[in-house]
Structures are given as C-alpha cells and as structure tokens.
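Q: Could we go through this model together? I would like to begin with the ligand site and then move on to the fold.

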Amino acid sequence: MRRIYTCRAVNEKSKFAGLMSGSDPKRDCGSTLKALLSMHCTRRAVLERALIIGDSGGIGAKLSTTLAARGVDITGLSRSRDAFDFAHPESVESRLAALEPPFDLILVASGQLCSSRDAPEKSLRELSATEMASQFAVNTIGPALVLRHAPRLMPRRSRSVFAALSARVGSISDNRAGGWYSYRASKAALNQIVHTGAIELARTHKQATCVALHPGTVATSFTRNYPGHQKVTPNRAAFNLLSVIDALHPDQTGGFFEATGAEVAW
Ligand SMILES: NC(=O)c1ccc[n+]([C@@H]2O[C@H](COP(=O)([O-])OP(=O)(O)OC[C@H]3O[C@@H](n4cnc5c(N)ncnc54)[C@H](OP(=O)(O)O)[C@@H]3O)[C@@H](O)[C@H]2O)c1
C-alpha cells in the first residue's frame, strides 16, 4: 500500500511548494523533513487491492464502485452472484480458500435485519430460536469466518485494514429503546469477534487495523420499511466510510467507529 500526503490548509500547500521548489539552496534534507513534519500533513492511504464481501448490497456496491474509481483492484463476493452464502459456511470456506493474497483492505458489507419475519422483534414474546440463529449466522458467524482468513490474506509488513459493517444498535451502553433482540445481539457479538480478532492479528500483523464500523442510517433495501427516518445516500455512506478507513491507524485496532470517525461506545 502506497501513501499520499494531503496538506490541510492552502497556506500549508504553499509552504510545501516553497520547500520543494529548491528556492533556498542552503536548506538541507533534514530541515526540509523537519518542516514537512511540522506542517501537520494528514496521511491518506492509497489502497491497492480490496476484498469486498457483500458487494451486491446497497452500501457494499457503492464502496466497491468508489474504490474501483480510485484505481483499487476489487475482488467482490456476494450471495446472489457467487453463491457465497453465510447460511452455508462451506460456500464461504471454499470461496475464501481459493483467494490469492495480499488484500490491503477486507471489508465485510453484508448483513440482514431479519430473515424469518418482516421486522425485528419488538418484545420478548416475539423471540424465536429460528430468527436468532439466522441473525447470528449472517451477522456474526459469517463475518467471523471471513476474519478467520484475514491472517493469510492480509500483508504482514504493510498497512492493511479489516472492517466489518456493524451497527450502532449493537452498542450495549447506547441501547435505550430496547427491542430488535436478534439483530442487536448479533451485532454486539460481531463487535466482540472483531475486537478479539484484532488482538490476535496485532501479534503477527503490526500494521493491521481491525475494526467494526457503523455506516449511519443509509437509504438501501435494508431500511426501506423505515420511510420516516433521516437517511444518507449509499454514495455518501461509502464516501464517509472510506474517509474513516483511509485515516485508520493500527493504534485504533479493535475499535468501533461511526462514519464520522468518532468512536462508538461498546
Ligand atoms: N442501511 C443502513 O441504514 C444500515 C445501518 C446500520 C448498519 N448497517 C449494516 O450495513 C451492512 C450493509 O447494509 P446495506 O444497507 O447495504 O444492506 P443491503 O442493501 O440489504 O445489502 C445486504 C448485503 O448482505 C448480503 N447478504 C444478506 N444475507 C446474506 C447471506 N446469508 N450470506 C451472504 N451475504 C448475505 C446481501 O447479499 P445479496 O444481495 O447478494 O443476497 C447484500 O450484499 C449490514 O451489515 C447492515 O447491518 C446498515
């Protein structure tokens, strides 16, 4: 993965241009470097190869096309196109085992709000083993099976990111409304998987960052039954998520972030 450096303010850009113009022949490399560091440049990662799981979804498709427009080499896997189905773990294993590393970004953009019912549960009496098992299979176990392959698929000596789309409603401390038992629990469990995986990954992949991301409320088929809610477009969500991913640093591994880059409480 290459990096480019973007200066925050126009006057910093001018300062940079002055430094690089060679107008002061006495300035040595050391002082140039020192001046550059003092300019608070932000680092933007230049991704080279990304694996997008669920690139057929509203957010996954936009992430995929946005990255492709940036020149990133994309490998996409989806249930509808590739029979990559978290309900059938053997399909996940065979597809992932066939991939050739390295990927400097692995993004799990798949998920479901409910499966055996029309909407998430509002009360305890609506709970069913079938719905809970399905939510955990797709939202927790599936991404965990992808993470299982991350040590092999991600480079050991350069920057890489594993990100799974979680949801703010998976935050236990932020839960004031109740309801949505299966979805909430499956995303809370996903967060734990990501956090635990990050600890292990950090032992062998020092420059890897493994995170859970909340995309915001996005206008996709996922939210079509909630017309009254304020939603961002998939395009905006992809832009926001990629801005967060670009800025991630290994110090932040194991974290849970929203699309503004702010940390979400567990
Ligand atoms: N939209 C929101 O407001 C919102 C808010 C918070 C969190 N999120 C999270 O963001 C992620 C993406 O949401 P979205 O809005 O893009 O949803 P979406 O448009 O409904 O897309 C869902 C994606 O998940 C895939 N998928 C569903 N079941 C699967 C299974 N059994 N095996 C493999 N893939 C499966 C779908 O594949 P196929 O289409 O190929 O079947 C599709 O690619 C989800 O994890 C969701 O929880 C979304």
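Q: Which helix gives the most to the shell around the ligand?
A: That is α3, with three residues. This is a predicted model, in which local features need pLDDT of at least 70, side-chain atom pairs count only at pLDDT 80 or more, and totals for chains, interfaces and linings use all residues. Residues are numbered from 1 along each chain as its sequence is written. Helices (H or I, at least four residues) and strands (E, at least two) are DSSP runs, numbered from the N terminus.

Q: How many residues surround the ligand, and which are the closest?
A: The ligand is surrounded by 29 residues, and the closest are G57, G58, S80, S110 and G111. A residue is near a molecule if its C-beta atom, placed from the backbone, lies within 6 Å of it. At least two shell residues come from each of α3 (58-69), α4 (79-82) and α6 (129-153).

Q: What is the make-up of that shell by class?
A: It has 11 nonpolar, 16 polar and two charged residues. Here Ala, Val, Leu, Ile, Met, Phe, Trp, Tyr, Cys and Pro count as nonpolar, Asp, Glu, Lys and Arg as charged, and the others, Gly among them, as polar.

Q: Back to α3: at what angle does it pack against α8?
A: The angle between α3 and α8 (residues 234-247) is about 65°, and their axes are 8 Å apart. Axes are lines fitted to C-alpha atoms over the stretch in contact, and angles run from 0 to 180 degrees between N-to-C directions.

Q: Which residues meet there?
A: From α3 they are G58, I59, K62, L63 and T66, and from α8 they are P234, N235, A237, A238, F239, L241 and L242. Two residues are in contact if their C-beta atoms, placed from the backbone, lie within 7 Å. The residues of this contact divide into eight nonpolar, three polar and one charged.

Q: Changing topic, how many helices and strands does the chain have?
A: The chain has eight helices and eight strands.

Q: Why is β3 described as largely enclosed?
A: Five of the five residues of β3 (residues 49-53) are buried, so the rest of the structure largely encloses this strand. A residue is buried if 20 or more other C-beta atoms lie within 10 Å of its own, exposed if 12 or fewer, and partly exposed in between, with C-beta atoms placed from the backbone. R49, L51 and I53 lie on one side of β3, and A50 and I52 on the other.

Q: Which strand is joined to β3 by five bridges?
A: That is β4 (residues 73-77), which runs parallel to β3. Two strands pair if DSSP finds at least two bridges between them. L51 stands opposite T75 in β4.

Q: And what of β7, how many of its residues are buried?
A: Seven of the seven residues of β7 (residues 208-214) are buried. Six bridges join β7 to β6 (residues 160-165), again in parallel, and A163 stands opposite V211 in β7.
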